[in-house]
Amino acid sequence: MPFVVKVTGAKQGMQADLKGAYRTAASAVEARAKVEAPRRSGRLAGSVKAKGSTTGASIVAGGLKAVPYAGPIHYGWPSRPNKARGWRGGPIKANPFLTRAANGSVDVVRGLLEQELQRVLNKVMPDG
């Protein structure tokens with residue numbers, strides 16, 4: 001189950017630390033998503049990237065030019081054949097590998113965030 005960590009009153013100097021904490025946590029999901037990704041050429045798995053910001057983290061895959069099929073692979077595609085566009089084959093069954101990776105990494109992410117946030121708090125309040 002997803003969880004939320006809310007940090008209020010963070011000073012400017014803490015923002016870089018929080019970004020690092022979120023990036024570290026997202027990296028754990030990224031590693032699992034690369035394993036979960038379906039493989040033909042390996043480009044889809046190679047396109048999985050973790051991103052951290054001062055407000056949270058995300059995992060993305062694909063790209064319009066490099067891997068335009070990432071969305072249809074993850075979410076499915078109900079009607080694929082279109083002779084006018086040169087598309088062949090049948091519908092694509094959803095393979096939500098990013099969702100599986102995120103759900104399977106909750107405990108690891110929670111532990112990493114707790115460690116990283118405690119480290120940040122120890123810098124701000126060394127005696128607290």
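1. Helix α5 (106–124) buries Val106, Val109, Leu113, Glu116, Leu117 and Val120, where buried means under 20% relative accessible area, exposed over 50% and partly exposed in between (1.4 Å probe, protein chains only). Seen down the axis of α5, these buried residues fall within an arc of 105 degrees, so they line one face of the helix; the arc is that of the directions from the helix axis to the C-beta atoms. Asp107, Glu114 and Gln115 are exposed on the other side of α5. The length of α5 agrees with expectation: its 19 residues should span 27 Å at 1.5 Å a residue, and its end C-alpha atoms are 27 Å apart. The expected span is 1.5 Å times one less than the number of residues in the helix.

2. On provenance: this is a predicted model, in which local features need pLDDT of at least 70 and side-chain atom pairs count only at pLDDT 80 or more, while totals for chains, interfaces and linings use all residues. Residues are numbered from 1 along each chain as its sequence is written, and side-chain values use heavy atoms, with hydrogens and water left out.

3. The chain holds five helices and two strands, running α-α-β-β-α-α-α from the N terminus. Helices (H or I, at least four residues) and strands (E, at least two) are DSSP runs, numbered from the N terminus. Of the 128 residues in the chain, 26% are buried. The accessible surface comes to about 8,700 Å², and carbon and sulfur atoms account for 56% of that surface; areas come from the Shrake-Rupley method with a 1.4 Å probe, and for residues only the protein chains shown count as cover. Among contacts between residues at least 6 apart in sequence, 57% join residues at least 24 apart, contact meaning heavy atoms within 4.5 Å.

4. The largest nonpolar core has 18 residues. Such a core is a set of buried Ala, Val, Leu, Ile, Met, Phe, Trp, Tyr and Cys residues joined through side-chain atoms within 4.5 Å. Those with the most contacts inside this core are Ala33, Leu44, Val48, Phe97, Leu98, Val109 and Leu113. Two or more residues each come from α1, α2 (43–46), α4 (97–104) and α5, and the largest share, six residues, comes from α1. In soluble globular proteins, nonpolar side chains tend to be buried together.

5. In α4, the residues Phe97, Leu98 and Ala101 are buried. They cover an arc of only 100 degrees around the axis, which puts them on the same side of α4. Pro96 lies in the loop between α3 (70–75) and α4 and is partly exposed, at a relative accessible area of 29%. Pro96 and His74 are 22 residues apart in sequence, but their C-alpha atoms are 4.5 Å apart in space.

6. Glu30, in helix α1 (residues 12–36), deserves a look. Glu30 is buried, its relative accessible area being 14%. Not counting residues up to four places away in sequence, Glu30 touches Arg23, Val48, Lys49, Ala50 and Ile59.

7. Ser47 sits in the loop between α2 and β1 (49–52) and counts as buried at 12% relative accessibility. The side chain of Ser47 reaches the backbone nitrogen of Gly62 at 2.8 Å. This is a polar contact, a pair of N or O atoms within 3.5 Å; within protein, one must be able to donate a hydrogen and the other to accept it, and residues adjacent in sequence count only if both atoms are side-chain atoms. Leaving aside neighbours within four places in sequence, Ser47 is in contact with Val60, Ala61, Gly62 and Val67.

8. Ser53, in the loop between β1 and β2, is partly exposed, with a relative accessible area of 29%. A polar atom of the Ser53 side chain lies 3.2 Å from the backbone nitrogen of Thr55. Not counting residues up to four places away in sequence, Ser53 touches Leu18, Lys19 and Tyr22. Ser53 and Ala21 are separated by 32 residues in sequence and by 9.1 Å in space, C-alpha to C-alpha.

9. Pro68 has its place in the loop between β2 (57–60) and α3. Pro68 is partly exposed, with a relative accessible area of 48%. Its C-alpha atom is 9.2 Å from that of Leu44, 24 residues away in sequence.
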